[in-house]
Amino acid sequence: MEAFSRLVGTTPPQTPDDVKAAAAASSAGFAYGLAAIGPGIGIGYLVGKSVEAMARQPEAAGMVRTTMFLGIAFTEALALIGFVVFILIGL
Amino acid sequence: MLGLEFPKINEVLRWQDIFPSFNKIALIAVLATIIGSAIFLLAGRKDGSVAPKGIRNLAEIMVEFIEESVVMQTMGKKGLKWTPFLLSLFVFIYLCNVPGIIPIFQMPATARIAIPLFLSVLVWIVFIGTGLKHQKGAYFGHLLWPPGVPVALKPLVGVIEFFSTIIVRPLSLTVRLFANMLAGHILLVTFALLSEAMFQAETNQPFLNIGGILPFFMLVFLTGFEVLVGFLQAYIFAILTAVYIGTSLEGHGDEAH
């Protein structure tokens with residue numbers, strides 16, 4: 001596929017459309033990157049606490065696991081809203 | 001400097017019409033409905049009094065899964081009559097997510113926003129409807145002002161709860177399902193294009209042609225991951241629907257009983 005042999009152009013943005021596209025590309029990356037910090041910390045904390053709960057009381061492991069998945073779904077939704085913003089701005 | 005030229009997003013997500021106003025996404029949704037209904041209709045014809053075998057076994061596994069892991073965890077025994085609704089939601093969403101990794105379709109039907117949006121609007125209507133039916137007019141009072149809120153804070157809490165329950169719930173259901181499937185699809189497309197481009201590169205041949213095995217391994221791993229994500233997103237949609245209906249059935253707990 002010739003796609004990989006094409007050189008990526010590095011001319012600075014000239015027209016207002018180019019400036020807008022360049023700004024959109026960089027800010028779209030920022031948008032998703034910043035949006036992924038909070039849910040990353042949240043999900044890590046949540047899974048850590050549920051592993052601890054499952055180790056303390058192995059009989060409750062099934063219920064803890066179910067609640068863990070529910071909590072992961074809620075916090076991951078925030079990261080995915082950031083991904084949708086990335087799609088809307090950047091592509 | 002070399003870069004991969006990724007096609008425009010429309011080429012990855014939009015499909016041609018097979019016949020007017022019916023494209024591949026609609027075909028996948030129709031097949032999901034037909035296969036899902038066929039499993040249960042065929043299983044219903046078999047004898048229910050002997051040990052299940054074959055397709056009846058499959059249907060019973062699915063019904064038990066929804067009863068044990070979705071309904072009993074969130075609504076308890078009185079929620080068991082919601083099993084058909086939750087089972088249909090789960091089977092339809094799962095059968096729409098799975099074509100993302102099947103070789104000829106390779107597109108999850110839930111990666112366009114129409115199907116998740118419609119399903120979450122349906123769930124929204126259902127949970128507000130059951131709340132109004134079970135608690136008559138006092139439903140909105142119990143929803144917006146949970147018991148124990150001091151009178152001075154009532155306006156603020158009312159606004160917050162209104163947005164959180166009536167506006168954010170359907171939106172978050174939609175976005176969670178849609179963005180998970182879209183992100184998975186875009187990742188699979190990226191690694192597939194990258195590994196093909198590296199295998200067939202004409203410059204820097206030894207390095208790129210052999211190095212193309214690395215994105216290929218990532219593609220294999222992501223395909224396996226998409227199996228898990230498709231199932232998990234269908235399960236989470238079903239269990240959140242059960243939670244919302246459960247809160248409509250009982251209110252906030254201490255007025256009805």
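Trainee: At what angle do α2(B) and α4(B) pack?
Mentor: About 130°, with the axes 9 Å apart; axes are lines fitted to C-alpha atoms over the stretch in contact, and angles run from 0 to 180 degrees between N-to-C directions.
Trainee: Where do the numbers and letters come from?
Mentor: Residues are numbered from 1 along each chain as written, and chains are lettered from A and ligands numbered from 1 in written order. This is a predicted model: local features need pLDDT of at least 70, side-chain atom pairs 80 or more, while totals for chains, interfaces and linings use all residues.
Trainee: Back to α4(B). How many of its residues are buried?
Mentor: 11 of 15, where buried means 20 or more other C-beta atoms within 10 Å of a residue's own. Among them are B:L86, B:F90 and B:N97.
Trainee: What covers them?
Mentor: The cover includes α2, α3, α5, α7 and α9 of chain B. Helices are DSSP runs (H or I) of at least four residues.
Trainee: How do α3(B) and α9(B) pack?
Mentor: At about 35°, with axes 8 Å apart. B:I66, B:V70, B:V71 and B:T74 of α3(B) meet B:A238, B:I239, B:A242, B:V243 and B:G246 of α9(B).

How values were computed: A residue is buried if 20 or more other C-beta atoms lie within 10 Å of its own, exposed if 12 or fewer, and partly exposed in between; C-beta atoms are placed from the backbone. Helices (H or I, at least four residues) and strands (E, at least two) are DSSP runs, numbered from the N terminus. Two residues are in contact if their C-beta atoms, placed from the backbone, lie within 7 Å.
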